Amino acid sequence: MKIYTKSGDKGTTSLFSGKRVKKYNLSIQAYGTIDELNSWIGLLKDELNEVRNIDFNEIQEEIDTNPGDLNLLYELALSQIAHKDYGKSIENLLTIFKKDQNWEKGKAKEQLLQLFDTLGNENELTLKGRRKLSSMIFS
């Protein structure tokens with residue numbers, strides 16, 4: 001299969017910034033290594049949640065008993081991500097952010113942004129979630 005580029009293959013490629021570098025540049029290797037690391041982290045999170053066999057009802061009961069425990073709510077949100085229940089996860093992360101924007105050094109916001117990035121900018125959950133997050137930040 002042939003692949004055609006606008007600039008041809010002269011042994012260089014473009015970085016995100018637009019700068020052209022040699023294909024063997026360490027930046028290119030670093031991008032690939034980071035991308036592979038992110039994939040492994042995602043896989044390990046999925047495996048961890050499967051091994052722990054998380055029961056959503058059990059976590060929800062604990063949350064109902066301890067409604068102020070943001071750690072439980074965060075654990076539920078991560079479990080929901082692992083089970084691809086992104087809508088509920090976003091709502092739970094937004095609840096944490098609303099209660100305490102700086103909880104665990106902004107961990108809920110960081111997870112939200114990572115999830116939005118994973119889902120993509122055009123995803124409806126991302127669009128709704130970003131609007132809600134922005135209204136919380138700028139209110």
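Visitor: What pLDDT does the chain average in this predicted model?
Guide: The model is predicted, and pLDDT gives the predictor's confidence in each residue, from 0 to 100. In this chain, 88% of the residues score at least 70. The average pLDDT over the chain is 86.

Visitor: In which helix is confidence highest?
Guide: Confidence is lowest in helix 1, residues 26–52, where the mean is 78. At the other end, a mean of 97 marks the highest confidence, and it belongs to helix 4.

Visitor: What pattern does the chain follow along the sequence?
Guide: The chain holds six helices and two strands. Read along the sequence, the pattern is β-β-α-α-α-α-α-α.

Visitor: How much of the chain do buried residues make up?
Guide: A residue counts as buried when its relative accessible area is under 20%. The chain has 139 residues, and the buried part of them comes to 27%.

Visitor: Which helices are included in what covers the buried residues of helix 4?
Guide: Helix 4 has 14 residues and reaches 20 Å from its first C-alpha to its last, close to the 20 Å expected at 1.5 Å a residue. Its buried residues include Tyr86, Ile90, Leu93 and Phe97. The cover over the buried residues of this helix includes helix 3 (70–82), helix 5 and helix 6.

Visitor: Is Gln111 buried or exposed?
Guide: Gln111 lies in helix 5, residues 107–119. The cut-off for buried is under 20% relative accessible area. Gln111 has a relative accessibility of 8%, so Gln111 counts as buried.

Visitor: How far apart in space are Gln111 and Leu78, C-alpha to C-alpha?
Guide: Leaving out residues up to four places away in sequence, Gln111 touches Lys45, Tyr74, Leu78, Ile81 and Leu93. Of these, Leu78 is 33 residues from Gln111 in sequence. In space, the C-alpha atoms of Gln111 and Leu78 are apart by 8.8 Å.

Visitor: Over what arc do the buried residues of helix 6 lie around the axis?
Guide: The buried residues of helix 6 are Thr126, Gly129, Leu133 and Met136. They are on the same side of helix 6, because the arc they cover around the axis is only 95°.

Visitor: What distance separates the end C-alpha atoms of helix 6?
Guide: Helix 6 runs over residues 124–137, which makes 14 residues. At 1.5 Å a residue, these should span 20 Å. The end C-alpha atoms agree with this, being apart by 20 Å.

Visitor: Which residue's backbone nitrogen does a side-chain oxygen of Asn123 reach?
Guide: This contact is at the start of helix 6. The side-chain oxygen of Asn123 comes to within 2.7 Å of the backbone nitrogen of Leu125.

Visitor: With which residue does Glu91 form a salt bridge?
Guide: Side chains of opposite charge can pair when their charged atoms come close. The closest N and O atoms in the salt bridge of Glu91 are 2.7 Å apart, and the partner is Lys132. The pair links distant parts of the chain, 41 residues apart: Glu91 is in helix 4, and in helix 6 is Lys132.

Visitor: What is the relative accessible area of Asp85?
Guide: The side chains of Asp85 and Lys88 meet in a salt bridge, at 3.9 Å from N to O. Asp85 is partly exposed, because its relative accessible area is 27%.

Notes: Residues numbered from 1 in each chain as written. Predicted model: local features only at pLDDT ≥ 70, side-chain atom pairs only at ≥ 80, totals over all residues. Heavy atoms only, no water. Helix = DSSP H or I, 4+ residues; strand = E, 2+ residues; numbered from the N terminus. Buried < 20%, exposed > 50% of the residue type's maximum accessible area, 1.4 Å probe, protein only. Contact = heavy atoms within 4.5 Å. Expected span 1.5 Å × (residues − 1). Arc of directions from axis to C-beta. Polar contact = N/O pair within 3.5 Å; in protein donor to acceptor, adjacent residues only side chain to side chain. Salt bridge = Lys/Arg side-chain N within 4 Å of Asp/Glu carboxyl O.
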